[in-house]
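Let's take a walk through this fold together, one region at a time. Have the viewer open and follow along as the residues come up.

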Amino acid sequence: MRVLVVSDVHSNLVALEAVLAAVGDVDAVWSLGDVVGYGPRPNACIDRLRERDAISIPGNHDWGVLGKADLGMFNPDARQANLWNRAQLRPSARAYLEGLEETRVEGAFTLAHGSPRAPIWEYLLYSDTARENLQHFETKVCLVGHTHIPAIFYLPPDADRCTLDQPPEGEPFPLEEGRYILNPGSVGQPRDGDPRAACLLIDTEALTVEQRRVAYDIEETQRAMRLAELPYRLSARLEMGW
Ligand code: ZN
């Protein structure tokens, strides 16, 4: 099965549509949360995922719009954008987010927004926290988002420490013996200095994973953010990939 893994779409419809178009036919779409927040098109992004029968889990921004997260945990720009997203949300979109389970298991893959240990909030940026989190899921691989930075944490058999690498772009790499935590990066607000939308393609039979980056019309999203009077810094950061 060929699976497209997206995360942190953040209401950036132009980026999501560019990714869906670039990868072509896939058998499934998995979304690792934060489909809303920051950007201008929350309802349409949820619609696209529903049209694809995506398997979704919630992130902190999804909980924010539902009133399930303390917005005091967000910086002022993020909070303002989250309240705007909340006000836009149609009842059906809200119901979709309400219905999401915090984690999912799909074959050899566990899906969690932040980490398997604390799915909504924990950031996995370093190999020591990744190592601790390996005890909090059963499958070979855990897929996480939340940091907006692509990453491969790998624990070889009999090893004590995890390695941390950036996935190579555009070339499928085979998953070896051992266990992994993989982060596809962010579709709607990349933060690794590359403004292109990030995603992963997984072949669940061959057990290969491929990092893709997809250029999209950033200015179109920025225009929509200006019209919505979303914070200027949130729109400016898109072109810097931060
Ligand atoms: Zn996010």
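A residue counts as buried under 20% relative accessible area, as exposed over 50%, and as partly exposed in between. With a relative accessibility of 23%, P195 is therefore partly exposed. Please keep in mind that we are looking at a predicted model.

You will find P195 in the loop between strand 10 (residues 179-183) and strand 11. Leaving out residues up to four places away in sequence, P195 touches P190, Y216, I218, L238, E239, M240 and G241.

Strands of a sheet pair through backbone hydrogen bonds, in either the parallel or the antiparallel sense. In this model, six strands make an open sheet with mixed pairing, and their order is 3-2-1-11-12-9. The edges are taken by strand 3 (55-56) and strand 9; each has a single partner strand, so one side of each is without a neighbour in the sheet.

On one side, strand 11 (residues 197-203) pairs with strand 12 in the antiparallel sense through seven bridges. Within that pairing, L200 stands opposite Q211, and D203 has T208 as its bridge partner. The two strands form a hairpin with four residues between them, where L207 adopts a positive phi near 55°. Strand 9 (residues 173-174) also runs antiparallel to strand 12, and two bridges join them; here F173 is partnered by V209. How enclosed is strand 12 by the rest of the structure? Largely so, because five of the seven residues in strand 12 (residues 208-214) are buried.

Next comes the packing of the nonpolar residues. In soluble globular proteins, nonpolar side chains tend to be buried together. The largest nonpolar core of this model contains 44 residues, and L4 and L97 have the most contacts inside it. Two or more residues each come from strand 1 (2-6), helix 1 (13-23), helix 2 (42-51), helix 3, helix 4, helix 5 (91-98), strand 11 and helix 7 (218-227). Helix 1 gives the largest share, eight residues. Another core, of 20 residues, lies apart from this one, and includes A28, I57, F173 and V209. Looking at L4 itself, and not counting residues up to four places away in sequence, we find contacts with V19, L20, V23, V26, A28, V29, W30, C199, L200 and L201.

Eight of its eleven residues are buried, so helix 1 is largely enclosed by the rest of the structure. The buried residues are L13, V14, A15, L16, A18, V19, L20 and V23. They pack against strand 1, helix 2, strand 11, strand 12 and helix 7. After helix 1 comes G24, with a positive phi near 70°.

Now for the rings. The structure has three aromatic pairs. One of them is F74 with W121, an edge-to-face pair with 6.0 Å from centre to centre and 70° between the planes. This pair links distant parts of the chain, 47 residues apart: F74 is in the loop between helix 3 (60-66) and helix 4 (76-88), while W121 is in the loop between strand 5 (109-112) and helix 6 (127-133). F74 is buried at 5% relative accessibility, whereas W121 is partly exposed at 28%. The charged end of R179 sits over the ring of F137, 4.4 Å from its centre, and that of R237 sits over the ring of W242, 4.2 Å from the centre.

Our last stop is H148, in the loop between strand 6 (141-143) and strand 7 (151-155). Is H148 buried or exposed? Its relative accessible area is 2%, so H148 is buried. Setting aside neighbours within four places in sequence, H148 is in contact with D8, H10, Y38, G185, S186, Q189, P190, R191 and D192. For Q189, the backbone oxygen lies 2.8 Å from a polar atom of the H148 side chain.

How values were computed:
Residues numbered from 1 in each chain as written. Predicted model: local features only at pLDDT ≥ 70, side-chain atom pairs only at ≥ 80, totals over all residues. Heavy atoms only, no water. Buried < 20%, exposed > 50% of the residue type's maximum accessible area, 1.4 Å probe, protein only. Pairing = 2+ DSSP bridges. Phe/Tyr/Trp six-rings, centres within 6.5 Å; stacked < 30°, edge-to-face > 60°. Lys NZ or Arg CZ within 6 Å of the ring centre and 35° of its normal. Core = buried A, V, L, I, M, F, W, Y, C linked by side-chain atoms within 4.5 Å. Contact = heavy atoms within 4.5 Å. Polar contact = N/O pair within 3.5 Å; in protein donor to acceptor, adjacent residues only side chain to side chain.
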